[in-house]
Structures are given as C-alpha cells and as structure tokens.
Amino acid sequence: MTTVEIPAGWPATEEAARAVQDELRARVVLGEPGPPPGTGHVTGVDVAYDDERDLVAAAAVVLDAASLEVVAEATAVGRISFPYVPGLLAFREIPTVLAALEALPHPPGLVVCDGYGLAHPRRFGLASHLGVLTGLPTVGVAKNPFAFTYDDPDAPRGSAAPLLAGDDEVGRALRTRAGVKPVFVSVGHRVTLDGACAHTLALTPRFRLPETTRRADALCRRALREAKDHASPAVARPVT
DNA sequence: GCGACAG
DNA sequence: ATCTTGTCGC
C-alpha cells in the first residue's frame, strides 16, 4: 500500500474544479476502437471513504480479460481531497486512484471506473478525467442514471437503451443480467460506446456489476479497514 | 428560485 | 459513499 498527498494546486473550490474540467475536456479522444474485448488486461478501480477520519483508500485490480483471473493489484491511502459534489466526483477520487494505478507492477490496459465518463453535466466525468491524465483507454460503468433519462431496456441480458441528456446519447443503459436493473455505461477515453458495452458484457458473466469493479470494491474496503486499524488499533480484549 | 443528482 | 439485522436463496 502506498500513501498519497493531495497534489499541489489541486482545486479548492467548485468553481476552480469546473474550470479544470472545462479545460481538460478538449483532450478527450473519442472514436478510437479501443482494445478488443476479452483480450489483454482490464483494470478495475474503486475508492472507499471514512469521512470521520478524513481517510480515502483506492484499489486497482488487474484482471486477465479472457479468464477474469486476478493478475495484479495495488492500493493507496490518502486524505480526502474534495467534498462530494455531484459532477465533481473525480476531484474526490483521482489522486488516490492515480497512486494505486502507478503502484501496479505492469500496465493496466483498459481501465473500468465506477462512475461516468461522457455522461456528465459537462461531458467530463471521472472516467474521462482519469483517461486524459493517464492516456489510458477508460470506460465508466455506473450503478445509477444520475440526472439522465432512459427507457428501460428489454429483459434479456445484453439489451440496451440510450442514456440521454436531452437529445444527446451520452451513454447506454445496459442489461448485464436478465430482468435485473441495468448498469449505465459511458465512454471515458480512447474507446467507442459499442466497445465500452462489449467490454462491460465480457466482464459480467455472472453478476450485474463488472468483475473489475467488484474486485476493486472489495480491495479498497479492505485497504480502508487496514488504514483505520493502523490509525487507532483495536484494544485487545482479555479472553474470559 | 428550488430540488435532484455518479460515489 | 456510509449507517446497519435479519433474511431469502443458490
């Protein structure tokens, strides 16, 4: 596990954070095919918080895209770098996520984020932001539709419906399990929406959420627990 | 103007 | 995200 500092010059206000998004948005690359689903490595990233102790833990878990076996993993812990503000989630997660990615022993391949990419008030969600900062292909897979609208996809797994911001298709509601609430997929960086959905389906042979985010979620919670224990170890209770 | 709103 | 017991089901 590595420790992270909040970067110098990190935005301190919502206005400054929005300005960063408006500037970095121009660097997003859309329309690249991205890596073929089921090949190479796919990395899940996720974050867990303890607001009381001002702690944040991030995890990056690399899977073999074909077997979905864990190939490598890394964690990082730091201070919370921004409050939760809808539309500014990236400023809360990115420093620690970057540290976890950098601690990996080899390249992450495609990165799957727990949240949005293009589907964002200013079209620059967490997955877009992480893609621009790392240059890696990224996709966003969220559990909720945020403020966007969609028609419920058909019941079979693999069915999809456009995720709409007015008339713009900013992502897709994708059914990963028959008859179960869909996930909300959007493009991050250097992938197409079709590619992002194909990857998501390849990562969900059994559960609604991608295997990548499931593994990363479990690992960052473990890392947060260990960071807490380190900060204030449990008092030994005498056995009776 | 007010509320809703990824994690 | 996080707070939280039992409970239904494979």
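I began with Val 139, which, once neighbours within four places in sequence are left aside, is in contact with Leu 110, Val 112, Cys 113, Gly 117, Ala 127, Val 185, Val 187, Gly 188, Val 191, Ala 196 and His 199. I count two residues as in contact if their C-beta atoms, placed from the backbone, lie within 7 Å.

Before going on I noted that this is a predicted model, in which local features need pLDDT of at least 70 and side-chain atom pairs count only at pLDDT 80 or more, while totals for chains, interfaces and linings use all residues. Residues are numbered from 1 along each chain as its sequence is written, and chains are lettered from A and ligands numbered from 1 in the order in which they are written.

**Core**

I looked up where Val 139 belongs and found it listed, with Val 45, Ala 57, Ala 58, Ala 59, Ala 100 and Cys 220, as touching the most other members of the largest nonpolar core, which has 63 residues. Strand β3 (residues 55–64) gives the largest share of this core, 9 residues. A nonpolar core here is a set of buried Ala, Val, Leu, Ile, Met, Phe, Trp, Tyr and Cys residues joined through C-beta atoms within 7 Å. I call a residue buried if 20 or more other C-beta atoms lie within 10 Å of its own, exposed if 12 or fewer, and partly exposed in between, with C-beta atoms placed from the backbone. By that cut-off, 46% of the 240 residues in chain A are buried.

**Whole chain**

I listed 5 helices and 9 strands in chain A, taking helices (H or I, at least four residues) and strands (E, at least two) as DSSP runs numbered from the N terminus. The radius of gyration of chain A is 18 Å, close to the 18 Å that the globule rule gives for 240 residues, so the chain is as compact as a globular protein of that length. That radius is taken over C-alpha atoms, and the rule is 2.2 Å times the number of residues to the power 0.38. Among contacts in chain A with a separation of 6 or more, 64% join residues 24 or more positions apart.

**Sheet**

I then traced the open sheet of 9 strands, whose order is β1-β4-β3-β2-β5-β6-β9-β8-β7 with mixed pairing. Its edge strands are β1 (2–3) and β7, each of which pairs on one side only; two strands pair if DSSP finds at least two bridges between them.

I followed α3 across β5, β6 (138–142) and β9, where it runs at about 25° to β9; axes are lines fitted to C-alpha atoms, for helices over the stretch in contact, and angles run from 0 to 180 degrees between N-to-C directions. In α4, I found Leu 193, Gly 195, Ala 196, Cys 197, His 199 and Thr 200 buried, and the buried residues of this helix pack against β2, β5, β6, β7, β8 and β9.

**Annotated positions**

I checked the UniProt record, an unreviewed entry, which places the feature "binding site" at Asp 46 and Asp 114. These positions are spread over 69 residues of sequence, yet they cluster in space, with a largest C-alpha distance of 6.2 Å. UniProt positions are given in the numbering used here, feature names are shortened, and annotations may be inferred rather than shown by experiment.

Asp 46 is found in strand β2 (residues 41–50) and is buried, with 26 other C-beta atoms within 10 Å. Not counting residues up to four places away in sequence, Asp 46 touches Ala 59, Asp 114, Thr 213, Ala 216, Asp 217 and Cys 220.

Asp 114 sits in the loop between β5 (110–113) and α3 (126–134), and counts as buried with 25 C-beta neighbours inside 10 Å. Beyond four places in sequence, Asp 114 is in contact with Asp 46, Val 141 and Thr 213.

**A loop residue**

Last, I looked at Arg 190, in the loop between β9 (183–189) and α4 (193–202), which counts as buried with 22 C-beta neighbours inside 10 Å. The C-alpha atoms of Arg 190 and Leu 30 are separated by 5.5 Å, although these residues are 160 residues apart along the chain.
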